[in-house]
Amino acid sequence: MTDLSRYANAIRALAMDAVEAANSGHPGMPMGMADVATVLFANHLKYDASAPRWPDRDRFVLSAGHGSMLVYALLHLTGYAQPTLDDIKRFRQWHSPCAGHPENTELPGIECTTGPLGQGLAMAVGMGIAERHLNGVFGDALVDHHTWVIAGDGCLMEGISQEAISLAGHLKLGRLNVIWDDNKISIDGPVSLSSSEDMAARFVAAGWHVVACDGHDFGSIDAALSAAKADPRPSLIAARTTIGKGAPTKAGTSGSHGSPLGPAEIEGAKAALGWAHGPFEIPADIKAWWEAQGARGAAARGEWEARLAANPHAAEFTRRMEGRLPAADPMPAYLASLVATPPKVATRKSSEMALDALVPALPEMLGGSADLTGSNNTKAKGQKLFSAADYSGRYIHYGIREFGMAAAMNGMALHGGIIPFGGTFLVFSDYMRNAIRMAAIQQIRVVHVLTHDSIGLGEDGPTHQPIEHLASLRAIPNLAVWRPADAIETAEAWACALNDEKRPSVLALSRQNLPPLRGDVADNRSARGAYRLIAATAPRAVVLVATGSEVHIAAGAAAALEADGIGCDVVSMPCWEAFAAQEPDYRADVLPQGVLKVSVEAGVTMGWERWVGSDGLTIGIDHFGASAPADRLYAEYGLTATAIAARVKARLG
């Protein structure tokens, strides 16, 4: 095979120079993986640098996101519009799209934001699921691509990697290829300090194909990548590399991992590599060669566009990939049915009822659960299973892999063509929190159905009863946390989540049955985040603000107060984030000054001062729960209409 060293060395040079200019970054991984990346982008990856959003492109995920200069160098060299050389010169600086770790919102060529190790690999599993599902629906003519991942030792040490590779092997995602940067170095030193497992055997046990190569022998690399593409199983390519390759004293050591090499080391590295060019200087012939690689996929893209134009399903495929909802909205008819026959059901059941209406009407919805389907109620009637035997199915049994599920859902949303939703218990959101956070950072539409949302789950006790979880999730920027009070609010929350293209959503849902509270559905009142459910009849003295399963309790307390001549509003606040986005006049009308404002929620009271004020009353649970029937717990913890009314009277004096 042709010696590609000159072209690979351009990656190394840019990585060294950018990290040195920033006085911050990770030069070792890009220098070590430059040869592998050169073969991948020149001979195997299907892409067109002039069309970074081509739907049938291969997806490339840099799971080892700390080595971000690898992908920035590749995008620049192959001719993407960004990053420019000036962008790279401003690596890690304010307003540079070349952030410390790759961010999908900054550059079109970045498929997903990575940095938290292991999550890139897990998101790639989601991309592989999306590719196979859309292929199962639309066929090879429109969907026929691979997902490529570069993962380091750190990615494979993280627990999420086991969840991801196990799921991918079970689902036989043969279009997924993971290149392991086997450099045997971590920040602390040799990997042998902390790990001695047989990595290849681990993947084989999960049903993967494994092939090894010399990560600095272009022929060996090419053969391994070809073998991976040809095998029907997901593949691990174990590429033995030298971190910081070329650096005279730091190559092969942790010294090249996470800090600039320094001027003398860079000078020595460039001399060893035969790179006789100044900082950020790329010879014209090398840049031209790289740009030719970036244009290599243009013909394939043109052929694909012709197939799309001739395909009878072109409009539907395009609609899904663009993330537009269908013109026909099933919600009005469904909401009308709730008004006609108001159900007294748990909001987890209300969610299932909504899904029975939504899933048939929105074929892009792909659901699942982390082994709690019957408890989360996430499977709609007739929803076919997604499996290795039938990729056209739309429901995934994720097994007990909450973190892996959440990250895979992120990958599906990033791939496009799918709106993923998945369920587990709210208390287990702790397992998946960082993936939820990553969805918020990446501004993607993912819906988490988190049931058993309070002490209302009863006898399972404090290990399963969420106390701090609503507050914890509300603390994540750009995450909409919905806690609906009845079937109508649950349907409205689903409508909001599906229309929220740039933000993930959590639906926190009850285990216990809740009475219907609303009969008006002309407007989506939940969309405003909070609204006056019950207006005071006596002169207003109190506003009770409640969420979810506590709204009907607040209504009972308000009735008791009104019976004593104390005017009391009841405000349902299903979503803090939506309410915070309303105009000030609306918020002031719902939560007026000059009255006692009282929050009621079966969770920690932290944060409610934002809405009821420092002089307000916060009623909740600032301790762990207990194992007992739900009604007993609510009574013991003062979350009854009688107890709430008594506390309000005591405060009013």
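Visitor: What makes strand S8 (residues 365–369) and S10 a pair, and which way do they run?

Guide: Three bridges join S8 to S10, and the two strands run parallel. Pairing requires that DSSP finds at least two bridges between two strands, so S8 and S10, with three, are a pair. Strands here are DSSP runs of E with at least two residues, while helices are runs of H or I with at least four, and both are numbered from the N terminus. The model is a predicted one, in which local features need pLDDT of at least 70 and side-chain atom pairs count only at pLDDT 80 or more, whereas totals for chains, interfaces and linings use all residues. Residues are numbered from 1 along each chain as its sequence is written, and side-chain values use heavy atoms, leaving out hydrogens and water.

Visitor: How do you know that S10 also pairs with strand S11 (residues 447–451)?

Guide: Five bridges join S10 to S11, and these strands run parallel. Since at least two bridges are required, S10 and S11 therefore form a pair. Gly 423 of S10 stands opposite Ser 369, and Gly 423 also stands opposite Val 449 in S11.

Visitor: Why is strand S10 (residues 419–425) called mostly covered?

Guide: Seven of the seven residues of S10 are buried. Buried means under 20% relative accessible area, with exposed over 50% and partly exposed in between (1.4 Å probe, protein chains only).

Visitor: Which residues of helix H11 (residues 284–294) are buried, and why can they be said to line one face?

Guide: The buried residues of H11 are Ile 286, Lys 287, Trp 289, Trp 290, Gln 293 and Gly 294. Seen down the axis of H11, they fall within an arc of 160°, so they line one face of the helix; the arc is that of the directions from the helix axis to the C-beta atoms. These buried residues pack against helix H1 (5–22), helix H2 (28–44) and helix H3 (68–78).

Visitor: What volume has the largest pocket, and which residues are the closest to its centre?

Guide: The largest pocket has a volume of about 800 Å³. Of its 31 lining residues, Met 321, Glu 322, Ala 413, Leu 414 and Gly 416 are the closest to the centre. On a 1 Å grid over the protein atoms alone, a pocket is an open set of points with protein on both sides within 12 Å along at least five of seven lines, a cavity is a set where a 1.4 Å probe fits but cannot get out, and lining residues have an atom within 4 Å of a point. Grid points are joined across faces, edges and corners, and the volume is the space filled by probe spheres set on them. Helix H13 gives the largest share of the pocket lining, five residues.

Visitor: How many cavities of 30 Å³ or more does the structure hold?

Guide: There are four cavities of 30 Å³ or more. The largest has a volume of about 120 Å³, and among its 15 lining residues the closest to its centre are Tyr 47, Asp 58, Tyr 80, Gly 109 and Glu 111. The second largest cavity holds about 50 Å³ of space. Its lining includes Phe 60, Val 61 and Leu 62, and strand S1 (residues 59–62) gives the largest share, three residues.

Terms used:
Contact = heavy atoms within 4.5 Å.
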